[in-house]
Amino acid sequence: MTKIFIGGSRRLSRMNINVKTKLEAIIQKNYTILVGDANGADKSVQQYLLDRHYGNVIVFCMANGCRNNLGQWEERRIQVRGNKNGFEFYSAKDAEMAREADYGFMLWDAKSKGTLQNIINLLRSNKRTLVYISPERDFLVLDTLGDIPNLLAKCDEKDRNFLEDKLKVSVMIKDRAMQREFDIVA
């Protein structure tokens, strides 16, 4: 069964008709939807799925319980070792969704480092990802980490610099390209 990790920025709490059309196509194919429990995009996606009476959903949350599970769907609770909190704490469940998914569908405000990290995690695992870029009201399909510069070009300079500083995206892309080159030679 095909699994799609759907997630996005906490700042995005409403979906337009273009996003709903993509979700409708996923529902029609009866794909398993992996979604988080955060406010914003996660909760908005959950509400849409609940309104559509869609049951093929798994909500990922931390071991202490789900913040949002509007449809009372199956829950996957992720345990974290160590003294993690904030971004590091919640990114553990996102990393697990990226591992389990076959594809990604991200709703991005062109600012969120968490959503960008999810996109990177999916691409690192060679999982095609559809990104809805909210400020442009447009979609971009990403197949490899090499596609990330095209995505970052959609950000304003301040946000692009912030994301680079926090996630070291250019280093990651360069390291991945060097690894591929080494694999070809070896």
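In this predicted model, Ile33 stands opposite Val57 in strand S3, and the two strands concerned, S2 (residues 32-35) and S3 (residues 57-62), pair in the parallel sense over three bridges, where two strands count as paired if DSSP finds at least two bridges between them. Helices (H or I, at least four residues) and strands (E, at least two) are DSSP runs numbered from the N terminus. Because the model is predicted, local features need pLDDT of at least 70 and side-chain atom pairs count only at pLDDT 80 or more, whereas totals for chains, interfaces and linings use all residues. Residues are numbered from 1 along each chain as its sequence is written, and side-chain values use heavy atoms, with hydrogens and water left out.

**Sheet**

- Seven strands form an open sheet of mixed pairing, in the order S4-S3-S2-S1-S5-S6-S7.
- Strand S4 (74-78) and strand S7 (138-142) stand at the edges, and because each has a single partner strand, one side of each is left without a neighbour in the sheet.
- From one strand to the next, the twist averages 20 degrees.

**Helices on the sheet**

- Helix H1 (residues 17-28) packs on the sheet and touches S1 (3-8), S2, S5 (103-108), S6 (129-133) and S7, contact meaning heavy atoms within 4.5 Å.
- The direction of H1 makes about 160 degrees with that of S5; axes are lines fitted to C-alpha atoms, for helices over the stretch in contact, and angles run from 0 to 180 degrees between N-to-C directions.
- Helix H2 (residues 41-51) also packs on the sheet, touching S1, S2, S3 and S5, and its direction makes about 125 degrees with that of S1.

**Helix H4 against helix H6**

- The axes of H4 (residues 113-124) and H6 (residues 157-167) come within 11 Å and cross at roughly 60 degrees.
- H4 and H6 are therefore oblique to each other, given that angles under 35 degrees count as roughly parallel, over 145 as roughly antiparallel, 65 to 115 as roughly perpendicular and the rest as oblique.
- On the H4 side the contact is made by Lys113, Leu116, Gln117 and Ile120, and on the H6 side by Phe162, Leu163, Lys166 and Leu167.

**Whole chain**

- The protein chain has seven helices and seven strands, which follow the pattern β-α-β-α-β-β-α-β-α-β-β-α-α-α along the sequence.
- Of the 186 residues in the protein chain, 46% are buried, where buried means under 20% relative accessible area, exposed over 50% and partly exposed in between (1.4 Å probe, protein chains only).
- Among contacts in the protein chain between residues at least 6 apart in sequence, 64% join residues at least 24 apart.

**Lys43**

- Lys43 lies in helix H2 and is partly exposed, with a relative accessible area of 34%.
- Leaving aside neighbours within four places in sequence, Lys43 is in contact with Ala38, Asn68 and Leu70.
- Lys43 and Leu70 are 27 residues apart in sequence, yet their C-alpha atoms are 7.8 Å apart in space.

**Positive phi angles**

- Most residues other than glycine have a negative phi.
- Asn126, in the loop between H4 and S6, has a positive phi near 60 degrees although the residue is not glycine, and it counts as exposed at 55% relative accessibility.
- Lys168, in the loop between H6 and helix H7 (169-185), has a positive phi of about 50 degrees although it is not a glycine, and Lys168 is partly exposed at 42% relative accessible area.
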